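This report describes a predicted model.

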Amino acid sequence: MRFIYECCDCHQVYETDEVFYQCPSCAQKNDGTAFPLGNVIVKLNEEDLAKLKEQEHVSMYDFFPYQVPHKDVYPVGGTPIARPKRLAEKYGLKNIFCKLDSALPSGSFKDRASQLIAAQAIAHKQNRIALASTGNAGAAMSCAGAAYGLEIILFVPATAPVNKLMQSVLYGATVVPVKGSYDDAFALSIAYTKQFGGINRNTAYNPMTIEGKKSISIELFEQLGRKVPDVVYVSVGDGCIYAGVYKGFYDLKMAGLIDKVPHIVCAQSKQSNAISRAWKTGDFSNLAKATTRADSISVESPANGRMAVRYIHESEGWATEVDDSEILEAQLELAKEAGIFVEPAAACAWAALKADHTMLRERFGSDVDVCVLFTGSGFKDMAVFTGKVSIPEAIENSKEAVIKRFER
Ligand SMILES: Cc1ncc(COP(=O)(O)O)c(C=O)c1O
C-alpha cells in the first residue's frame, strides 16, 4: 500500500522511498531531558484504504506499507482469544476476552513489529538490523533474523532477564549487554547504525514498528466477526504498542470498516508511570527513575511517549496505574483462575482492569466488551517467582507415602 510519513509533533509531511526514521527538525531539539520529539506516523494512501472496504475479509497484510515475503517462514498473527469465565464472573463483567499474543513465535507481541521490520530490510536489500531492547523486542527480532537469515545486533541492559537474553543468543543474534539502562542501550544502538549502517529497529524510532504492531487490531476486527471491542487494555512502557493498537483501529476507521476507535486504556506500573503522568499533567519530562519489577515496561524516557499521550486523548481512553504488588497478584490470579500464564509486564493490563472493574460496570454496564491484550509469556521470566512460589518436597516412592501425603 502507498504511504507517506507525517511528524507526530509538527505535522510536517515527508515523501520518500528511503528508510526514514524521524522528523529531522523536531528530532534536533531533543536534549535527553524529556520524551523525544520527532517520531513519525505512517499515513496510508486514502484511495488504497477505501478499496479495502469492498473486500469481504481483510487481513493485516492488506494494511502494511511493505509486503511480507514468505509469511510462513516466521508465522506471526492468528493468536487465540481466551474468554476467562471464572474471572468474568468474579468481576461482574460478562464479556471479557483476552488476546494471547504470548503465543507468537518468540513468546511476545514484539513479533508483530519484527515481522514488518524484516520485510522492510528485505525490501531495501539490507541484511543487518540493530536495535535496543528490554528483552522481548530483541528476542523477537532475533527470532525473525534466524527465520529469514538476517544479521541482528542487539543492545540490552545487562540486567535484562536471563531467559530473554538466552533466547536471543540461541537464535544466533550478536548480543551486546550494556552496563546501563534501556534508555542507554537505545542511544548506543542508534550510534551503532549511524556508524556501521543497516536498519535500526528501535521501537517507535523506526515508524514501521508501530505499523507492525497495528496488526493486532485488524486481526481482532476479523476474529470478532468484523467488530471491535468497546474497551481495550494494554500494558505500556515506551508507548509503541499503545500507538500500534490505536493505529490499527484508526486505519480500519479510515478504510470505512468501523465507525469508532475503541477506548484504549494505558496500563502502567506506579513505579514506571511516565506516560500516565504526562496524560494527567501535561508534564513530558523524563522520570528520575523507573523501578518496576515488570522489566519490559520499565522506562524513564518513553521513546513513543508523545504519540501515546496524543492517542490516549484521540481514543477517549485513559491511563490506569497499579502498584507492582498488584501486578504480581494479577499474574498469579490469571494463572490460577484462568490458566493464562503471562510475564509481569503483560499482567499489568489485567491488574489495571481489576482496578477499574467497578468503574467499567458503572460507566458502560456489565455487558461491555473488554479486551485485554496479553503481550508476553510467563516463561520469559521465571525468576520473578523466587521466594513466592515453591515446588513441594518430593515424597518417597511408595503407596504409604501417598496415603501419608493426602490423608486428612
Ligand atoms: C510483554 C510486554 N508488554 C508490554 C510492553 C510495552 O510496550 P511499549 O514499550 O511499546 O509500551 C513490552 C515492551 O517491551 C513488553 O515486552
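## Nonpolar core

The largest nonpolar core has 126 residues. Those with the most contacts inside this core are Tyr233, Val234, Tyr242, Cys348, Ala349 and Val372. Helix α14 gives the most to this core, with ten residues.

What does Cys348 contact, leaving aside its neighbours within four places in sequence? The contacts of Cys348 are Ser235, Ala267, Gln268, Ser269, Ala294, Ile297, Val322 and Ile327.

## Helix α10

Helix α10 has 15 residues, and its first and last C-alpha atoms are 20 Å apart, close to the 21 Å expected at 1.5 Å a residue. Of these 15 residues, 13 are buried, so α10 is largely enclosed by the rest of the structure. Just after α10, Gly256 takes a positive phi of about 80°.

## Helix α4

Helix α4 covers residues 111-123. Its 13 residues should span 18 Å at 1.5 Å a residue, and the end C-alpha atoms are 18 Å apart, which agrees.

The buried residues of α4 are Asp111, Arg112, Ala113, Ser114, Gln115, Leu116, Ile117, Ala118, Ala119, Gln120 and Ala121. What covers them includes the strands β6 (128-132) and β9 (199-200) and the helices α5, α8 (208-213) and α9 (215-223).

## Six-stranded sheet

Six strands form an open sheet with mixed pairing, in the order β4-β5-β13-β10-β11-β12. At the edges stand β4 (81-82) and β12 (318-322), each with a single partner strand, so one side of each is left without a neighbour in the sheet.

Strands β10 (residues 231-235) and β13 (residues 369-374) run parallel and are joined by three bridges. In this pairing, Val232 has Cys371 in β13 as its bridge partner.

## Three-stranded sheet

A separate description applies to the open sheet of three strands, whose order is β2-β1-β3 and whose pairing is antiparallel. Its edge strands, β2 (13-14) and β3 (40-44), each pair on one side only.

Strand β1 (residues 3-7) pairs with β3 in the antiparallel sense over five bridges. The bridge partner of Ile4 in β3 is Lys43.

## Strands β6 and β7

Strand β6, which is among the elements covering the buried residues of α4, runs parallel to β7 and is joined to it by five bridges. Ile129 has Ile152 in β7 as its bridge partner. Strand β7 (residues 151-157) is mostly covered, with six of its seven residues buried.

Two residues other than glycine are described here. Lys125 has a positive phi of about 55° although it is not a glycine. Lys125 follows α4 and lies in the loop between α4 and β6. With 6 C-beta neighbours inside 10 Å, Lys125 counts as exposed.

Ala204 also has a positive phi, near 70°, and is a residue other than glycine. Ala204 lies in the loop between β9 and α8, and both of these elements are included in what covers the buried residues of α4. Is Ala204 buried or exposed? Ala204 is buried, with 28 other C-beta atoms within 10 Å.

Definitions and conventions
Residues are numbered from 1 along each chain as its sequence is written. This is a predicted model: local features need pLDDT of at least 70, side-chain atom pairs count only at pLDDT 80 or more; totals for chains, interfaces and linings use all residues. A nonpolar core is a set of buried Ala, Val, Leu, Ile, Met, Phe, Trp, Tyr and Cys residues joined through C-beta atoms within 7 Å. A residue is buried if 20 or more other C-beta atoms lie within 10 Å of its own, exposed if 12 or fewer, and partly exposed in between; C-beta atoms are placed from the backbone. Helices (H or I, at least four residues) and strands (E, at least two) are DSSP runs, numbered from the N terminus. Two residues are in contact if their C-beta atoms, placed from the backbone, lie within 7 Å. The expected span of a helix is 1.5 Å times one less than its number of residues. Two strands pair if DSSP finds at least two bridges between them.
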